[in-house]
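Here is a short tour for anyone meeting this structure for the first time. Have a look at the picture, then read on.

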Amino acid sequence: MARHEYYNDDGTTDKQQCPRCGDTFLGDHGDRLHCGKCGYTEYTDE
């Protein structure tokens with residue numbers, strides 16, 4: 001996806017950004033959220 005596809009018409013986004021990088025979105029892999037830039041991972045209970 002292109003970066004502009006992550007944003008709504010009003011400029012907001014539903015995606016989480018990496019707390020380390022701050023400028024990268026976290027990829028949703030079902031059981032975890034992962035930053036491809038720095039490797040930060042959050043595991044979810046889903």
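This is a predicted model: local features need pLDDT of at least 70, side-chain atom pairs count only at pLDDT 80 or more; totals for chains, interfaces and linings use all residues.

What follows walks through a set of cysteines and then the salt bridges.

The unreviewed UniProt entry lists C18, C21, C35 and C38 under "binding site". Along the sequence these residues span 21 residues, yet no two of their C-alpha atoms are more than 8.8 Å apart, so they gather at one spot.

Where do two of them sit along the chain? C18 is found in the segment before β1, a strand that covers 27-28. C38 belongs to the loop between β2 (32-34) and β3 (41-43). C21, like C18, has its place in the segment before β1.

Buried or exposed? C18 is buried, at a relative accessible area of 2%. C38 is partly exposed, with 32% relative accessibility, and C21 is partly exposed too, with a relative accessible area of 26%.

C18 is in contact with T24, L26, C35, C38 and Y40. C38, for its part, touches C18, R20 and C21. C21 has contacts with C35, K37 and C38. In the other direction along the chain, C21 and G11 are ten residues apart, and their C-alpha atoms are separated by 20 Å.

## Cysteines without disulfides

With cysteines gathered like this, how many disulfides does the structure hold? The count is zero. C18 is in no disulfide, and its nearest cysteine sulfur, which belongs to C38, is 3.7 Å away. What about C38 itself? Its closest cysteine sulfur is in C21, at 3.6 Å, and that is too far for a bond. A pair would have to come within 2.5 Å to count as a disulfide.

## Two salt bridges

How many salt bridges are there? The count comes to two.

| Salt bridge | Distance, N to O | Accessibility of the partners |
|---|---|---|
| K37 and D23 | 3.4 Å | K37 58%, D23 39% |
| D31 and R32 | 3.0 Å | D31 37%, R32 29% |

K37 counts as exposed at 58% relative accessibility, whereas D23 counts as partly exposed at 39%.

In the other salt bridge, D31 joins R32, and the closest N and O atoms are 3.0 Å apart. D31 is partly exposed, with a relative accessible area of 37%, and R32 is partly exposed as well, at 29%.

## Putting it together

Definitions and conventions. Residues are numbered from 1 along each chain as its sequence is written. Side-chain values use heavy atoms; hydrogens and water are left out. UniProt positions are given in the numbering used here, feature names are shortened, and annotations may be inferred rather than shown by experiment. Helices (H or I, at least four residues) and strands (E, at least two) are DSSP runs, numbered from the N terminus. Buried means under 20% relative accessible area, exposed over 50%, partly exposed in between (1.4 Å probe, protein chains only). Contact means heavy atoms within 4.5 Å. A salt bridge is a side-chain nitrogen of Lys or Arg within 4 Å of a carboxyl oxygen of Asp or Glu. Lists of a residue's contacts leave out its neighbours within four places in sequence.
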